[in-house]
Amino acid sequence: VSGGEFRFRHPLMRTAIRQAASIPQRQAAHAALAKILRDQPDRAVWHRAASILGPDEGVAGGLESAARHARRRGGTAVAVAALQRAADLGANAQRGRRLLQAAELGFELGREDLVLGLAADAESLGLPSREQARLTWIRESFTDGIPGDAAQACALVEVSVQAAADGDTDLALKLLYGAGLRCWWADPGEAARDQIVAAAERLDVRPCDPRLLVVLAFAAPIGQGAAVLDRLSHLGSAARSDVAAMRLAGNAAMAVGAFEQAA
């Protein structure tokens, strides 16, 4: 011990002391750390989570907030772990939603095993229609399905319509993007293409929203090509300063053959 600090004579002593401690001793230590880390809420909430055994929605909410902060910093794996722990500690009504959020982030890590495991856990809880639609999107994430499969493309449209009715326009566009990809890789027939385009155009989004344009371009590059090019020329400053939006706009331009504009 030196003043207010101490160190271990050998690194293994840290592990030995922790393993020798009882569960109540560990919980007490985590509770003490949570108190002195009040000015660092993302660290403190992990210690609060380690200091309890039963459910606590307050701690679960704090972990969900920590997950958002970690994701903004690029700590996707930390965000997934925080959401999983939040699902364990939180109210049952929130568990499925948190597991699906963790699964979506797991896709960003390329962890198909993790994604499918979390999706299966969420499905077993009996999800409401909005979360069922999200589950469909997650399971679509790792595959474009069978190219030209009109039945599956139309099934995705139906789920997107339900998502839109539930108020989740962003999810509806993601599902239509998956349907559009099936049209891009192989022709599912004019009826399927028309159904995707009609569903996309009914959504309450700006006509030049890149999320909408890429769906139209993939689903019907010939029939919608002129409209896509015209709308791309009217992209607002907000879209042009958004990396994700510009990636989608570039894909839409590529799909309709405007390669210089895509670049």
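**Exercise 1. Secondary structure**

Determine how many helices and how many strands the protein chain of this predicted model contains.

*Solution.* The protein chain has 16 helices and zero strands.

**Exercise 2. Overall dimensions**

**Exercise 3. Surface and charge**

State what share of the residues is buried, describe the accessible surface, and locate the centres of the positive and negative side chains relative to each other.

*Solution.* Step 1: of the 263 residues in the protein chain, 40% are buried. Step 2: the accessible surface comes to about 14400 Å², and carbon and sulfur atoms account for 55% of this area. Step 3: there are 30 positive and 30 negative side chains, with the centres of the two sets 13 Å apart.

**Exercise 4. The surroundings of Pro188**

Locate Pro188 in the chain, decide whether Pro188 is buried or exposed, and identify the residues that Pro188 touches beyond four places away in sequence.

*Solution.* Step 1: Pro188 belongs to the loop between α10 (169-185) and α11 (190-202). Step 2: the relative accessible area of Pro188 is 13%; because the cut-off for buried is under 20%, Pro188 counts as buried. Step 3: leaving aside residues up to four places away in sequence, Pro188 touches Gly148, Asp149, Ala150, Cys183 and Arg193. Step 4: Asp149 is 39 residues from Pro188 in sequence, yet their C-alpha atoms are 5.7 Å apart.

**Exercise 5. An aromatic cluster**

Of the three aromatic pairs in the whole structure, examine Tyr177 with Phe218 and Trp184 with Phe218, and explain why each is classed as tilted.

*Solution.* Step 1: the ring centres of Tyr177 and Phe218 are 5.7 Å apart and the planes stand at 55°, so the pair is tilted. Step 2: Tyr177 lies in helix α10 and Phe218 in helix α12 (residues 210-219), so this pair ties together parts 41 residues apart in sequence. Step 3: for Trp184 and Phe218, the ring centres are 5.5 Å apart and the planes are at 40°, so this pair is tilted as well. Step 4: Trp184 in helix α10 and Phe218 in helix α12 are 34 residues apart, and their pair links distant parts of the chain. Step 5: Phe218 is buried at 4% relative accessibility, whereas Trp184 is partly exposed at 28%. Step 6: Tyr177, Trp184 and Phe218 form one aromatic cluster.

Definitions and conventions: Residues numbered from 1 in each chain as written. Predicted model: local features only at pLDDT ≥ 70, side-chain atom pairs only at ≥ 80, totals over all residues. Heavy atoms only, no water. Helix = DSSP H or I, 4+ residues; strand = E, 2+ residues; numbered from the N terminus. Buried < 20%, exposed > 50% of the residue type's maximum accessible area, 1.4 Å probe, protein only. Areas by Shrake-Rupley, 256 points an atom, 1.4 Å probe, with all protein chains shown as cover. Lys, Arg positive; Asp, Glu negative; His and termini not counted. Charge placed at Lys NZ, Arg CZ, Asp CG, Glu CD. Contact = heavy atoms within 4.5 Å. Phe/Tyr/Trp six-rings, centres within 6.5 Å; stacked < 30°, edge-to-face > 60°.
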